[in-house]
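Dear colleague,

Please find below the structure that I am handing over to you. My notes on it follow directly after.

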Amino acid sequence: MIHFNKSTYIILALVTGFAVNCSTTAKRVGDFQAPNYSSVKFNDKLVVSYVPEAEAEIKSNNIFNENNFLNYYKSVLKEKGVISEKAKETIEIKINDARFRSEGVAIWVGTMAGADSIDLDLTIKDAKGKVIDQHKIEISYALGGFGGGPNSVRTDYFYKKITNLTLQQLGYPVD
């Protein structure tokens, strides 16, 4: 029989904790056939909407700022050639659920306080407003401490993950 000492259990717990701290999923919803996104471009007038509970959570913290997010999101999508001011197709983001720890809790309690998370629907509409594609994106982040808990670190993580998952779902390469 193998016997482990206390430090082995602590290391195993930490490794397990880090393995499940951050996760992302993105998947197509419904029976939509992916348009040829290499030729479809999107208008730069992006729409963000919220389920009331998610809006209350977002407005009560300093993690997700809609204007800052949209500025980042648009700049990356423009850089990748996804956005064109003349395009008629649109991207709509609907935030269905959000949970964010306060900065103090994220730094001092970290993973034990649970994960920050955001769940959203990414909807693609054609020039006539008809839904042509839809994706469900879920992101969680539970790291804490002085390295992973500050609001700026968590904000950057969510902005980058939402943007990268959008690009992946549309078939564009990400860094």
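Which strands does helix α6 (residues 151-169) lie across? Helix α6 lies across β1, β4 and β5, and runs at about 150° to β5. Such angles run from 0 to 180 degrees between N-to-C directions, with axes fitted to C-alpha atoms, for helices over the stretch in contact; contact means heavy atoms within 4.5 Å.

Please note that this is a predicted model, in which local features need pLDDT of at least 70 and side-chain atom pairs count only at pLDDT 80 or more, while totals for chains, interfaces and linings use all residues. Residues are numbered from 1 along each chain as its sequence is written, and side-chain values use heavy atoms, with hydrogens and water left out.

The chain holds six helices and five strands, these being DSSP runs numbered from the N terminus (helices: H or I, at least four residues; strands: E, at least two). The five strands form an open sheet of mixed pairing, in the order β1-β5-β4-β3-β2; two strands pair if DSSP finds at least two bridges between them. Because β1 (22-28) and β2 (47-50) stand at the edges with a single partner strand each, one side of each is left without a neighbour in the sheet. On average, neighbouring strands of this sheet are turned by 20° against each other, direction ignored. β1 and β5 (residues 131-141) run antiparallel and are joined by seven bridges; cysteine 22 has tyrosine 141 in β5 as its bridge partner. Helix α3 (residues 66-79) also packs on the sheet, where it touches β2, β3 (90-99) and β4 (116-125). The direction of α3 makes about 135° with that of β3.

To return to α6, this helix has 19 residues and reaches 27 Å from its first C-alpha to its last, close to the 27 Å expected (1.5 Å times one less than the number of residues). Its buried residues (under 20% relative accessible area, 1.4 Å probe, protein chains only) include Arg154, Ile162 and Leu165. Among the elements that cover the buried residues of α6 are α4 (103-108) and α5 (145-148).

The structure holds seven aromatic pairs, meaning rings of Phe, Tyr and Trp (its six-membered ring) with centres within 6.5 Å; planes under 30 degrees apart count as stacked, over 60 as edge-to-face and the rest as tilted. The rings of tyrosine 157 and phenylalanine 158 have centres 5.8 Å apart and planes at 90°, so this pair is edge-to-face. Both tyrosine 157 and phenylalanine 158 are buried.

Yours sincerely

Methods: Buried means under 20% relative accessible area, exposed over 50%, partly exposed in between (1.4 Å probe, protein chains only).
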